[in-house]
Amino acid sequence: MLEKLSLDGRVAVITGGGGGLGTAISLALAEAGADIVVTDFRPEDGEKTAAKVTGVGRKSVFFRADVTKSDQVNNMMAKAIAQWGKVDILVNCAGIVREEQPKPFWEISDFEWHRGIDTNLAGAFYCSRAVAKHMVERKYGRIINIASGFGMRGRRNSFMYNAAKAGVILFTMSLALTLSRDGIRVNAVAPGLFQTWGGAARYDAAAPFIPMGRVGQAPEIGPLAVYLASDASDYSTGEVFSIDGGALFSGYAPVNYVPVVSIDK
Amino acid sequence: MIPKEFSLSGKVAVVGGAGRSWLKELASYLGEAGADVVLFGQDEKQMAAAAQAVKTMGRRAITITTNVTSSREVEKMVAKAVGQFGQIDILVNSFDLQFAKPLVEVTVDEWNRVLATNLNAVFASAKAVGKHMLERKQGKIITISSGLAERGLPNSTAYCTSKGGVIQFTRALALEWARQNIRVNAIALGWMAEGAEVQDETWRNLLTHYIPVARFGQPDDLAAVLVYLASDASSFVTGSTFYVTGGLMAHG
């Protein structure tokens with residue numbers, strides 16, 4: 001049964017493919033057999049990922065696109081489909097975590113609001129819209145939206161990110177129901193805190209607040225992406241897969257609160 | 001290519017079944033990934049078939065007849081399993097006793113039997129195997145629950161309660177053992193083929209049209225997700241519930 005995890009002969013498009021999770025997902029899908037179209041608005045980072053994919057023996061190409069611009073997305077997807085004749089898998093991984101600098105809520109500008117919502121939510125919509133008709137015509141497709149545990153929980157001074165990621169989760173559910181009879185599966189991954197850029201020291205302060213006591217390493221998301229990109233997950237759609245070291249269902253008390261109370265007073 | 005992280009080579013899995021448990025299939029997926037398997041429960045015919053399936057794959061398998069609702073018997077089972085294979089890396093709980101009737105007709109005995117099998121047995125086996133896992137500071141525990149842990153269904157109070165309990169048990173234990181390198185996760189199933197609901201043609205057609213992917217689930221739909229949660233592929237996953245319901249959880 002496990003042979004269903006193989007992605008031999010599949011073509012995947014990874015948005016945000018130059019980032020930490022995007023690179024890890026690109027490589028994991030490639031190692032499972034898929035050829036990879038890397039897209040990102042940062043050409044250097046995207047080209048780097050494409051070169052790494054080639055390094056593990058799969059075909060790869062980089063197309064630049066800003067996911068907040070639907071004309072660029074449509075153009076990128078048309079080129080992606082033309083490249084090897086089809087797209088089987090779309091991973092919406094492009095996103096921005098937070099503003100350049102924290103500021104009082106009432107000072108967030110319209111521009112900042114729209115940038116946060118557009119990158120994290122509209123981007124997933126534009127990319128899915130650009131590929132969905134092609135997938136419906138072929139009666140096959142896998143769409144994986146990288147959401148976040150913060151799409152289900154609040155966080156101080158984090159508005160666009162949390163609201164957009166919550167939107168990604170509900171977008172996932174509605175799109176899954178819409179396309180479920182056409183051989184297309186749409187699922188979300190909700191990562192917790194991963195070390196995606198910079199050194200480990202950046203994450204030292206956060207690690208104690210995660211039940212497992214550490215942040216995730218980017219390659220750890222790979223096998224889950226392969227599972228959801230493959231035929232092995234044919235019976236899951238519209239669902240959210242958490243990978244967060246236990247974070248989602250903590251939060252009711254500090255991690256180090258471990259009560260011991262007798263049942264008899 | 002199957003990602004190498006999914007390998008269970010050198011691992012020992014203990015799989016408990018009661019009721020509708022797909023013991024043979026679950027055991028064979030673990031065996032296929034390279035694990036040796038210990039089967040426990042009371043359905044000896046089902047356990048023997050499961051052990052045979054694992055052996056066919058060139059892995060070792062034993063069966064230990066156990067009343068899964070008895071803590072004492074489960075503890076004895078763990079001692080035997082460790083005695084035989086030296087270690088336990090993975091525990092899979094697949095306890096699924098079902099019935100459906102109006103609440104006012106549910107007897108105390110029926111209520112207790114469902115809670116004992118579906119929920120108390122999860123407690124007993126996680127506790128007994130967990131002691132061993134805590135000593136080794138490693139382990140994976142997988143509970144099998146249902147979409148009915150999160151959704152309601154008429155005439156199903158006992159079942160919904162038990163399966164909801166399994167998921168909350170999973171979350172709470174995941175936090176308790178998160179720093180001991182023991183991962184605790186749940187798989188939640190949807191409408192599976194072979195159940196009572198597929199016997200009746202009217203209900204079968206109704207549900208088939210209702211399920212977003214337009215078919216009942218098959219045990220094979222669990223293969224990869226089971227091995228994912230049992231293996232190093234899920235090294236950063238704990239306290240999670242992976243739904244395999246054909247899209248039901250997205251329904252309004």
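Predicted model: local features only at pLDDT ≥ 70, side-chain atom pairs only at ≥ 80, totals over all residues.
**Overall form of chain A**

Chain A contains six helices and nine strands. Its radius of gyration is 19 Å, close to the 18 Å that the globule rule gives for 265 residues, so chain A is as compact as a globular protein of that length. Along the principal axes, the C-alpha atoms of chain A fill a box of roughly 70 × 50 × 35 Å. Buried residues make up 51% of the 265 residues of chain A. Of the contacts in chain A between residues at least 6 apart in sequence, 72% join residues at least 24 apart.

**The sheet**

Seven strands of chain A form an open sheet, and their order is 3-2-1-4-5-6-9. The pairing in this sheet is parallel. Strand 3 and strand 9 of chain A are the edge strands, each pairing on one side only. From one strand to the next, the twist averages 20 degrees.

| Strand of chain A | Residues |
|---|---|
| Strand 1 | 11-15 |
| Strand 2 | 35-40 |
| Strand 3 | 60-64 |
| Strand 4 | 89-92 |
| Strand 5 | 141-146 |
| Strand 6 | 184-191 |
| Strand 9 | 240-243 |

Five bridges join strand 2 of chain A to strand 3 of chain A in the parallel sense. A:Ile36 has A:Ser60, in strand 3 of chain A, as its bridge partner. In general, strands of a sheet pair through backbone hydrogen bonds, either parallel or antiparallel.

**Helices on the sheet**

Helix 2 of chain A, residues 43-55, packs on the sheet and touches strand 2 and strand 3 of chain A. The direction of helix 2 makes about 170 degrees with that of strand 3 of chain A. Helix 4 of chain A, residues 110-138, lies across strand 1, strand 4, strand 5 and strand 6 of chain A. Helix 4 runs at about 175 degrees to strand 4 of chain A.

**Contact with chain B**

The contact between the chains takes 40 residues from chain A and 38 residues from chain B. On the side of chain B that touches chain A, the elements giving two or more residues are helix 1 (23-32), helix 5 (157-176), helix 8 (223-230) and strand 7 (241-244) of chain B. Helix 8 of chain B gives the most to that side, with five residues. By class, the side of chain B that touches chain A has 25 nonpolar, seven polar and six charged residues.

Conventions:
Residues numbered from 1 in each chain as written. Chains lettered and ligands numbered in written order. Helix = DSSP H or I, 4+ residues; strand = E, 2+ residues; numbered from the N terminus. Rg over C-alpha atoms; globule rule 2.2 N^0.38 Å. Buried ≥ 20, exposed ≤ 12 C-beta atoms within 10 Å, placed from the backbone. Contact = placed C-beta atoms within 7 Å. Pairing = 2+ DSSP bridges. Axes fitted to C-alpha atoms, helices over the stretch in contact; angles between N-to-C directions. Nonpolar A, V, L, I, M, F, W, Y, C, P; charged D, E, K, R; others polar.
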